[in-house]
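Trainee: Could we go through this structure together? I would like to know what can be read from it.

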Amino acid sequence: GSSAEFAEHRPYYPGDDVRRIDWNAYARLEELVLRLYVAEEDLHVHLLLDRSASLGVGTPRKFDVAKQAAAAIGYVALSGSERVSVLAFSETLSEPLPSMRGQKRIGTLLRHLEELQLSAPSVGSLSGTTSLTTSITRFLSRSPRPGVVVVISDFLDPEGFATALDKLIAQKHEPVLVQVLDPEEVNPPVGHDVELVDSETGEVVDVSIDAAAVAAYRRRLQAFFEELSSYAKKRGLFYGLIDHQENLDDVILAYLRGGAR
């Protein structure tokens, strides 16, 4: 925000306002950082909730856990008199819940989240697939006021996540990354020969889930986690992983306290 009250430093990232670079800190640290100030204007919190078909797996479903995370952050923001809007996405955006503020709108927020449904794929259609880049491009085309954009997703997007999030940063938004996965996605059991069906595209793959395959999967998954975490750390963003319902509170509290996982 813009005010006279200093808040903290964060790393500079290309596209940031160079007028906010703290040159005194650079002289000491030899690292470009920005001076952040306490916001005097209303904070806009945009909740971008993934509703693609891959969120339909798990017990409870990843989609239900994602909605709980959105409800928690939205509740806190409305209680603090901030403005909140909700936009669900899969291959593109759905109609949003328009910006609102005040504790009296908490019921509206919770009802809207409860009514949201997964975008299920149909024959000859990819309506249940994920396209974070397309969805964020549509979001930015609405010319929303810069604010906090909480992206709640499994981030299982073949197009990746960096291009989409870079667009948000370039338009002066602050992305918050909340990843939701099912415990079996994180630690799959060793099994037998199985037929895996892609929940978004319907593609079928025959796989032997032996110990070697599970070990290879876990290595690739860990690399994915590290890629998301490194992206967030370099840009001074929050990244939290909800990999079972029980740690949802821990991730939300870490974000509200300004920490990171």
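Trainee: What is the mean pLDDT of the protein chain?

Mentor: This is a predicted model, and its chain has a mean pLDDT of 88. Of its residues, 92% reach 70 or more.

Trainee: Over which residues is the pLDDT below 50?

Mentor: That applies to residues 122–126, a stretch with 2 contacts in the model beyond near neighbours in sequence.

Trainee: Changing topic, at what angle do α2 and α8 pack?

Mentor: Helix α2 (residues 62–79) and helix α8 (residues 248–256) pack at about 35°, and their axes lie 11 Å apart. The crossing of α2 past α8 is right-handed.

Trainee: Which residues make that contact?

Mentor: From α2 they are Val65, Gln68, Ala69, Ala72, Ile73 and Val76, and from α8 they are Leu248, Ile252, Tyr255 and Leu256. By class, 9 are nonpolar, 1 is polar and none is charged.

Trainee: And α7, what span should its 24 residues have?

Mentor: At 1.5 Å a residue, helix α7 (residues 211–234) should span 34 Å, and its end C-alpha atoms are 34 Å apart, so the two agree.

Trainee: Which residues of α7 are buried?

Mentor: Val214, Leu221, Phe224, Phe225, Leu228, Tyr231 and Ala232 are buried. Their cover includes α5 (162–170), β7 (174–180), α6 (183–186) and β10 (238–242).

Trainee: What follows α7?

Mentor: Gly236 follows α7, with a positive phi near 70°.

Key: Residues are numbered from 1 along each chain as its sequence is written. This is a predicted model: local features need pLDDT of at least 70, side-chain atom pairs count only at pLDDT 80 or more; totals for chains, interfaces and linings use all residues. Side-chain values use heavy atoms; hydrogens and water are left out. Axes are lines fitted to C-alpha atoms, for helices over the stretch in contact, and angles run from 0 to 180 degrees between N-to-C directions. Helices (H or I, at least four residues) and strands (E, at least two) are DSSP runs, numbered from the N terminus. A crossing is left-handed if the near helix is turned anticlockwise from the far one by less than a right angle, and right-handed if clockwise. Contact means heavy atoms within 4.5 Å. Ala, Val, Leu, Ile, Met, Phe, Trp, Tyr, Cys and Pro count as nonpolar, Asp, Glu, Lys and Arg as charged, and the others, Gly among them, as polar. pLDDT is the predictor's confidence in each residue, from 0 to 100. The expected span of a helix is 1.5 Å times one less than its number of residues. Buried means under 20% relative accessible area, exposed over 50%, partly exposed in between (1.4 Å probe, protein chains only).
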